[in-house]
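Notebook open, structure loaded. I want to jot down what I looked up, one topic at a time.

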Amino acid sequence: MSAENPWPLRVVSKKIGDWLARLGEVWTEGQITEISHRGRTVYLTLRDPSAEVSMRVVDFTGAVAACDPPLRDGAQVVIRAQAQWWDKNGSLSLHVREIRQVGLGELLARLERLKKLLAAEGLFAADRKKPLPFLPYRIGLITGRASDAMRDVLKNAKARLPSADFAVREVAVQGPRAVTEVCAALAELDRDPDVEVIVIARGGGSMEDLLPFSDETLCRAVAEAVTPVVSAIGHEPDTPILDYVADWRASTPTEAGKKVVPDLAEEQRGLNISRTRLRQALHAMLVRESDGLAAMRARPVLARPESMLEARSEAVANLVHRMRSRVGSRLERSADELEHLRARLRTLSPQSTLDRGYAIVTDTASGAVLRDAADAGEAVEVRLAAGALRAAVVATTTEQTATDTTEDDA
């Protein structure tokens with residue numbers, strides 16, 4: 001097989017059919033969107049509720065007729081089928097062998113498993129929920145076409161805030177197209193920078209009608225949205241999974257309309273009360289400060305400021321007088337002590353001794369003061385009260401000799 005030797009189209013079609021024949025029977029699940037009867041043959045359209053994927057199903061075996069209750073559009077089914085390829089027109093279909101409708105109990109069990117899965121992934125965690133804006137610039141609203149839910153949201157929001165601006169997307173809110181259309185509208189509004197909050201509203205319904213709002217694809221799309229999302233599905237007994245994933249849950253569209261915008265009248269009353277309280281607080285503060293200022297100005301120190309200087313001047317004069325008195329007393333005592341010391345020094349001075357007729361004799365050679373005649377050298381210096389004498393030592397006598405000589409002279 002090559003460009004020069006290609007396969008005929010019939011060969012290609014047959015090979016595709018042969019490959020699909022080897023696939024065998026498969027079990028698949030989907031939602032029925034169309035049922036048509038042509039004699040004993042029944043043609044169905046089976047659609048994936050979470051994606052834009054659908055396939056033709058053909059029943060030659062009477063499996064559709066055997067369903068109890070009878071199949072209807074929107075029914076969730078599980079089928080066993082064989083893939084069939086039509087060579088002539090190149091179309092693919094599933095030939096059904098068995099059909100099982102998904103009952104309410106099975107649906108609830110699946111929803112419970114999905115809820116646990118999303119909870120384990122943290123999609124229900126409170127810390128990931130985004131706060132709603134206080135005064136949104138524009139509100140996105142996803143709801144059914146011309147529905148009561150849309151009127152409730154708009155009516156209650158504009159009653160509270162007449163200037164509320166809405167970007168409304170009317171979509172299918174039940175049936176096979178609901179998930180796809182709601183997800184597309186959500187993505188569109190989430191990309192709009194002016195939309196600060198998105199409300200997904202529906203006015204209630206049966207559990208089967210609300211299945212799109214428990215769809216995994218829609219729940220994950222809401223969790224990934226950057227804009228805060230409000231779930232307003234008015235069905236209290238059975239809470240759709242969307243309520244757990246959304247950033248805020250309203251029990252009804254009416255409550256959602258009241259939640260997404262502030263009450264203008266209430267806010268105005270609050271502002272008036274705050275303005276009055278602020279005015280009263282400022283007035284009280286001004287009166288208190290004015291009274292305090294008047295009291296300060298009435299004090300003598302401010303009424304006659306020089307009196308404070310006079311009092312301090314007298315205190316300084318007293319301190320100066322005391323300082324001078326103490327310094328004078330100290331100087332007098334010090335002068336007396338100095339004179340006393342001078343007298344003692346004069347009394348103890350060698351000069352005083354000399355003045356009384358004594359003399360100091362030093363050895364001329366060594367300069368040492370002589371206390372013993374035996375220590376005298378050849379010459380001595382005699383210091384008198386006035387002047388000094390130099391003398392040669394002719395002879396020396398001891399104290400004993402001098403004493404004896406004195407006695408002999410006597």
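I began with helix α3, residues 148-160, in this predicted model. It lies across β6, β7 and β8. I checked its direction against β7 and got about 170°.

Next I looked at helix α4, residues 178-191, which packs on the sheet as well.

I read off five strands in the order β7-β6-β8-β9-β10. The sheet is open and its pairing is parallel. At the edges I find β7 (166-171) and β10 (248-249), each pairing on one side only. As a reminder to myself, strands of a sheet pair through backbone hydrogen bonds, either parallel or antiparallel.

I zoomed in on one pair, β6 (residues 138-144) and β8 (residues 195-202). The two run parallel, and I get five bridges joining them. Which residue of β8 stands opposite G140? I looked it up, and I198 does.

Last entry, the surface. I found a nonpolar patch formed by M296, V301, L302, M308 and L309. Together these residues have about 450 Å² of accessible area. I traced the patch back to its helices: α9 (300-303) and α10 (306-348) each supply at least two of its residues.

Is L309 buried or exposed? I placed L309 in helix α10. L309 counts as exposed because its relative accessible area is 58%, and the cut-off for exposed is over 50%.

Conventions: Residues numbered from 1 in each chain as written. Predicted model: local features only at pLDDT ≥ 70, side-chain atom pairs only at ≥ 80, totals over all residues. Heavy atoms only, no water. Pairing = 2+ DSSP bridges. Helix = DSSP H or I, 4+ residues; strand = E, 2+ residues; numbered from the N terminus. Contact = heavy atoms within 4.5 Å. Axes fitted to C-alpha atoms, helices over the stretch in contact; angles between N-to-C directions. Patch = residues over 30% accessible without salt bridge, like charges linked within 9 Å, V, L, I, M, F, W, Y side chains within 5 Å. Areas by Shrake-Rupley, 256 points an atom, 1.4 Å probe, with all protein chains shown as cover. Salt bridge = Lys/Arg side-chain N within 4 Å of Asp/Glu carboxyl O. Buried < 20%, exposed > 50% of the residue type's maximum accessible area, 1.4 Å probe, protein only.
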